[in-house]
Amino acid sequence: MIFNKELIEQIRAAFPRATTDFNGRKRAFFDNGTATLVLGRAAKAETDARINCSANVGGIFDESKQASAVIQAGRVAVADFLNAPSPTTIVSGESATALLFNLSYAIGKELTGRENVVTTDYEHYTNVDPWEELGKRGKIQEVRYTKLNMEEGTLDINHLQELIDSNTKIVAITAASNMLGTKSPLEEIGKMAKEVGAHFVVDAVHHIPHGPTDVQALDCDFLIFSGYKLFSSHGSFLYGKEEHLNALKPFKVKPAPKNPPGKFEWGTRNQAMFAAISGVIDHFCWLSNEVQSNYEGKYVEYSDHKRELKIVMDAIEQYETGLSKAVLTGFDDIPGLLDIPEVTIYGITDLERLNERDPTFSFEVANIPEEEVVTRLWKEGGIATRAGHYYSYAQDVYKKPKIIRISLVHYNTFEEISTFLKTLNKIIKNR
Ligand SMILES: Cc1ncc(COP(=O)(O)O)c(C=O)c1O
């Protein structure tokens, strides 16, 4: 296994709340799709930035200079993480939702009302309503939704291809569904978008902690992700191709910078958010060094820092694929979700295709209300998860306004999965 027991313990030690909550209650945190736990180092960097460089940028004194330096370092860290060509292609904002509205308004200024936007039936609403809003304001004709292969929870790629035409200006796709865990075939979709000269926009918010994200390999025009889904603080990042960031005219106040990234950034920057994300990238570099002996001769086309980040995300992806398998197949004496007849899983369950999904599982249990399952998982097993609506369009397509979801990341363990499955099996048996 790519992470041995000792290394997993070290990873967990880097997250102050990996094992217990603030009350000291031991629990397994399986609600990462909603927000990941904070890395200790990110929280510390954030606090230090708040205390030491709370001043605004542009002053001649040290605190102000340091604020600028922290912001710049954060942009470089994010650019390297995404393999973006330059830190000036990294825009920060309050949330992915805010950044996508900002982007849609800016792109909307260039549209005539004849265009369309193509998206999918499994987006988060963050990647739906900023485009629907363009329709309401007469900037586009319509938003088109790609159907799903409902049985397996994947995109109907032929349908997506049919929806794209010469009037398609934007193809906006999630990197992974936050309900189903399904990863989108982004490279293939990006090529379809390019064929008609449409902007290819990727919502990487759900997928970001689970595997490598490479904006140049994807050749995407824009990509967003949020810090609180990547072990950091709230606040989000948008990558944009330099030519688009230069050309677009976002809503801005007159004295704000004329050039990117500043021209897209509304109000004063939060340096602490940049400090925190740098802390996360440092954690990834540490972990990368721990596993690098497995990667001799691999990813050598990337420069040092970018190579480290590629390696770590590849390793995380491998580890998490193992977690997905354990959730589905269980252990010698504990049935996995696939072996429990009362459980219905939404999303890919084919063990040969686990590389097409993130370890996010939405499921229901026959004859037991969702709330009861999650409450008992919590009370009897210390499993922190939830049932609800995750702003996923897919939930409306599947007509599942409330669904139980577990979502795992690289600090989760096989032991935790074993406790989860044991408890779930007990809940079903003892009802
Ligand atoms: C795929 C996806 N996109 C967007 C969002 C919303 O991100 P934010 O809260 O930063 O606006 C989420 C949050 O769950 C998400 O999973």
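What is the handedness of the crossing of H4 and H5? It is right-handed, and View 1 below takes it up.

This is a predicted model, so local features need pLDDT of at least 70 and side-chain atom pairs count only at pLDDT 80 or more, while totals for chains, interfaces and linings use all residues. Residues are numbered from 1 along each chain as its sequence is written, and side-chain values use heavy atoms, with hydrogens and water left out.

**View 1. Helix H4 packs on helix H5.** H4 covers residues 96-108 and H5 covers residues 129-136; helices (H or I, at least four residues) and strands (E, at least two) are DSSP runs, numbered from the N terminus. The two pack at an angle of about 35 degrees, with their axes 9 Å apart. Axes here are lines fitted to C-alpha atoms, for helices over the stretch in contact, and angles run from 0 to 180 degrees between N-to-C directions. As for handedness, a crossing is left-handed if the near helix is turned anticlockwise from the far one by less than a right angle, and right-handed if clockwise. On the H4 side look for Leu 100, Phe 101, Leu 103, Ser 104, Tyr 105 and Gly 108, which meet Asp 129, Pro 130, Trp 131, Glu 133 and Leu 134 in H5; contact means heavy atoms within 4.5 Å. Sorted by class, that makes 7 nonpolar, 2 polar and 2 charged residues. Ala, Val, Leu, Ile, Met, Phe, Trp, Tyr, Cys and Pro count as nonpolar, Asp, Glu, Lys and Arg as charged, and the others, Gly among them, as polar.

**View 2. Helix H2 packs against helix H10.** Residues 40-52 (H2) and 271-291 (H10) meet at an angle of about 150 degrees, with axes 7 Å apart. H2 and H10 are therefore roughly antiparallel; angles under 35 degrees count as roughly parallel, over 145 as roughly antiparallel, 65 to 115 as roughly perpendicular and the rest as oblique. The crossing is right-handed. Among the residues in this contact are Ala 42, Ala 45 and Ala 49 of H2, and Ala 272, Ala 275, Ala 276 and Trp 286 of H10. The class count for this contact is 8 nonpolar, 3 polar and 4 charged residues.

**View 3. Helices H12 and H14 meet at about 120 degrees.** H12 (residues 370-381) and H14 (residues 414-429) have their axes 10 Å apart, and the pair is therefore oblique. Here, too, you'll see a right-handed crossing. H12 contributes Val 373, Arg 376, Leu 377, Glu 380 and Gly 381, and the H14 residues include Phe 420, Leu 424 and Ile 427. In this contact, 5 residues are nonpolar, 3 polar and 3 charged.

**View 4. Residues gather around the ligand.** There are 14 of them, and Thr 97, Asp 203, Ser 226, Tyr 228 and Lys 229 come nearest; a residue is near a molecule or strand if one of its heavy atoms lies within 4 Å of it. A polar side-chain atom of Lys 229 sits 2.4 Å from a ligand oxygen atom. For His 124, a polar side-chain atom is 3.4 Å from an oxygen atom of the ligand.

View 5. Pro 16 lies between helix H1 (5-13) and strand E1 (28-29), and the C-alpha atoms of Pro 16 and Gly 40 are separated by 5.8 Å, though 24 residues apart along the chain. Pro 261, in the loop between helix H9 (242-247) and H10, is joined to Pro 260 by a cis peptide bond, with omega about 0 degrees. Asp 219, between helix H8 (215-218) and strand E9 (222-226), has a positive phi of about 50 degrees although it is not a glycine.

Technical notes:
Polar contact = N/O pair within 3.5 Å; in protein donor to acceptor, adjacent residues only side chain to side chain.
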